[in-house]
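Colleague: Before a discussion of the model begins, may the coordinates and the sequence be placed before us?

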Amino acid sequence: MSFSLFDAPLREPSQFVGFAGNSIDRQSENRADDSVDKALADPGTRLLLMQGGRLYLKVRDGSFDPWFGVAESLPFQTLPGSGVLLGFSDQGPVLAVTAGLEPEQLPETVKAIDYRSVYMQGLIDEAAAGAMAQGAALLAWHASHRFCSKCGTESQMRAGGYKRHCPNCGTEHFPRTDPVAIMLTATREKCLLGRGRHFAPDMYSALAGFIEPGETIEAAVRRETLEEAGIRLGRVVYHASQPWPFPYSLMIGCFGEPLNEDIQADLNELEDCRWFLRDEVRLMLAREHPGNLITPPKGAIAHHLIRAWVDSE
Ligand SMILES: [Zn+2]
């Protein structure tokens with residue numbers, strides 16, 4: 001007997017976005033306060049070293065290896081108390097640690113490369129990219145939440161990095177994930193794409209914006225589309241999500257059904273915004289557009305929204 005609630009595709013669209021390949025067993029119910037120290041004493045532990053938005057990568061014969069052993073990590077001056085326990089792999093515990101060496105102090109065989117380039121250029125496999133997203137988001141949260149937001153006292157890391165505790169007022173603080181709605185407004189024939197002011201040249205993408213306190217995902221999708229493009233939406237349908245470690249967001253991808261055609265773009269936010277016919281978008285996806293217009297790269301959830309729409313007929 002089929003149950004309509006589960007009439008969704010067996011292969012979740014979220015499986016195919018960048019950073020979705022994280023295979024770490026988080027064991028979130030077992031995070032003791034000494035779990036990082038314990039992991040550092042385990043010979044099977046592997047570390048990701050990070051510094052200032054960059055991942056350290058061992059370079060050998062043109063390939064990139066992000067994993068360091070505990071002893072191997074010592075010359076990179078990992079900062080005491082900066083490690084977070086991401087969880088466990090088949091080989092043992094997995095940590096992300098803030099390293100102390102600046103990129104220019106690194107030996108020839110190790111490069112510090114910004115997260116975005118690591119991901120865009122596909123330098124590491126999907127599982128490592130997922131672990132990088134987890135570690136990057138956690139370390140960024142700790143770096144910007146050192147002090148208790150209630151009383152101002154310096155707080156202490158607990159639970160392997162999944163909590164901060166204030167020794168003065170006792171408040172516990174938990175890592176944030178900021179939800180962002182990203183939506184493709186589309187009819188059978190055409191979809192709405194815009195160009196942000198900071199976009200790569202010739203790239204058009206789905207509109208996006210932060211979900212605000214007190215708002216449902218659907219309400220945020222409708223509000224952002226109306227504010228940025230002057231388009232009112234009817235139905236809104238969830239499609240896929242993507243961890244987005246810049247610094248700690250979750251992109252929530254939806255489709256929206258437009259109720260009007262006349263675009264009124266918010267030119268403070270967007271350089272341009274217009275309707276695109278299906279054939280034109282197909283050329284943009286294939287990088288064969290006569291005007292060289294393109295859609296976002298394959299790892300981006302926007303790519304998957306646009307691709308799913310183009311392939312929906
Ligand atoms: Zn406090």
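Modeller: The model is a predicted one, in which local features need pLDDT of at least 70, side-chain atom pairs count only at pLDDT 80 or more, and totals for chains, interfaces and linings use all residues. Residues are numbered from 1 along each chain as its sequence is written, and side-chain values use heavy atoms, with hydrogens and water left out.

Colleague: Which protein residues are the donors of the zinc ion?

Modeller: Donors are N, O and S atoms within 2.8 Å of the metal (3.2 Å for Na, K and Ca), and since water is not among the atoms, sites may look incomplete. Along the chain, the donors follow the spacing C-x2-C-x14-C-x2-C. The SG atoms concerned lie 2.3 to 2.4 Å from the zinc ion and belong to Cys148, Cys151, Cys166 and Cys169.

Colleague: What arrangement do the 4 donor atoms around the zinc ion make?

Modeller: Four donors count as tetrahedral if all angles lie between 85 and 135 degrees. Ideal angles for four tetrahedral donors are 109.5 degrees. Around the zinc ion the 4 donor atoms subtend angles of 100 to 116°, and therefore the arrangement is tetrahedral.

Colleague: How many residues apart in sequence are the parts that Cys151 and Cys169 tie together?

Modeller: Helices (H or I, at least four residues) and strands (E, at least two) are DSSP runs, numbered from the N terminus. Cys151 is in the loop between helix H4 (126–144) and strand E8 (156–158), whereas Cys169 is in the loop between strand E9 (163–165) and strand E10 (172–173), so the pair ties together parts whose separation in sequence is 18 residues.

Colleague: Which residues of H7 are buried?

Modeller: Buried means under 20% relative accessible area, exposed over 50% and partly exposed in between (1.4 Å probe, protein chains only). Helix H7 (residues 301–310) is mostly covered, with 8 of its 10 residues buried. The cover includes strand E11 (178–186), strand E12 (190–196) and helix H6 (278–285), where contact means heavy atoms within 4.5 Å. The buried residues are Ile301, Ala302, His303, His304, Leu305, Ile306, Trp309 and Val310.

Colleague: Within what arc do the buried residues of H6 fall?

Modeller: The buried residues of H6 are Arg278, Val281, Met284 and Leu285. They line one face of the helix, because seen down its axis (by directions from the axis to the C-beta atoms) they fall within an arc of 115°.

Colleague: Which residues of strand E13 point to the buried face?

Modeller: Side chains alternate along strand E13 (residues 207–210).

Conventions
Four donors count as tetrahedral if all angles lie between 85 and 135 degrees; four count as square planar and six as octahedral if opposite donors are over 155 degrees apart and all others between 65 and 115; anything else is irregular.
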